[in-house]
Amino acid sequence: MEEADRGMWTRLAVLAVVVLGAAVWWTTSDAALVARGGEELDLMYDYSSLEELAVETTDVAVVEPTGETWTEHVSEAPFVVTELRVVSSDDGPLVADDLITIRQDDGRYVNAAPVPRAGERYVIFLDRSENDPGGTRYGIVGAQAVWHLDGARGKLTTPKSSLPRRVTVSGSEGGLRVSSR
């Protein structure tokens, strides 16, 4: 009888570990955010490839947030502005060490890129703002085209997007290339 009790407790312990592991995975996964009913931004166009992004892009850049952020209001709606330092870029107008800013919603939409965090690197498809006389304000193409970099590999920052989930970055300043293959 004692051996049967020990076997039952062992099975219950294994089951508890499996359930706990599944719960941790679920609450930290991209699927969980979407399943929990994350709000979607009404996008003008849902891009599905890097080639589609390139049509609207004035520059592709690897960037690092400087840690400078502030809030601007547009028609009473709050937007986060983030200052970014360009690490490298393709053959667009940006070069290494340029400082630019991007304006985004506060990260509440599951299909729009969250605000970049200081200390991280990202590859972003950018479109220069037409309403910026200083030439340092850019928008994120499709509000989605941001990949968090780990070395030369990037993971899409939006859990609900038609863009490639993973990209590879190669080349150097003026020759930066981003591929989804």
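In this predicted model, Arg 85 and Asp 97 form a salt bridge in which the closest N and O atoms are 3.0 Å apart. Because Arg 85 lies in strand S2 and Asp 97 in the loop between S2 and S3, the pair ties together parts that are twelve residues apart in sequence. Arg 85 is partly exposed, its relative accessible area being 26%, whereas Asp 97, at 53%, counts as exposed.

A search of the whole structure finds five salt bridges, and one of them joins Glu 64 to Arg 121, with 2.7 Å between the closest N and O atoms. Glu 64 belongs to strand S1 (residues 59–74) and Arg 121 to the loop between strand S3 (99–104) and strand S4 (122–128), so this pair connects parts that lie 57 residues apart in sequence. Glu 64 is partly exposed at 21% relative accessibility, and Arg 121 is partly exposed at 36%. Glu 64, Arg 85, Asp 97 and Arg 121 are linked in a network of salt bridges.

A further salt bridge brings together the side chains of Glu 72 and Arg 137, at 3.1 Å from N to O; here strand S1, which holds Glu 72, is linked to strand S5 (residues 137–140), which holds Arg 137, across 65 residues. Glu 72 is partly exposed at 22%, while Arg 137 counts as buried at 16%.

Strand S2 (residues 77–89) also contains Ser 88, which is buried, with a relative accessible area of 12%. Beyond its neighbours within four places in sequence, Ser 88 is in contact with Val 60, Ala 61, Val 62, Glu 173 and Leu 176.

Technical notes
Residues numbered from 1 in each chain as written. Predicted model: local features only at pLDDT ≥ 70, side-chain atom pairs only at ≥ 80, totals over all residues. Heavy atoms only, no water. Helix = DSSP H or I, 4+ residues; strand = E, 2+ residues; numbered from the N terminus. Buried < 20%, exposed > 50% of the residue type's maximum accessible area, 1.4 Å probe, protein only. Contact = heavy atoms within 4.5 Å. Salt bridge = Lys/Arg side-chain N within 4 Å of Asp/Glu carboxyl O.
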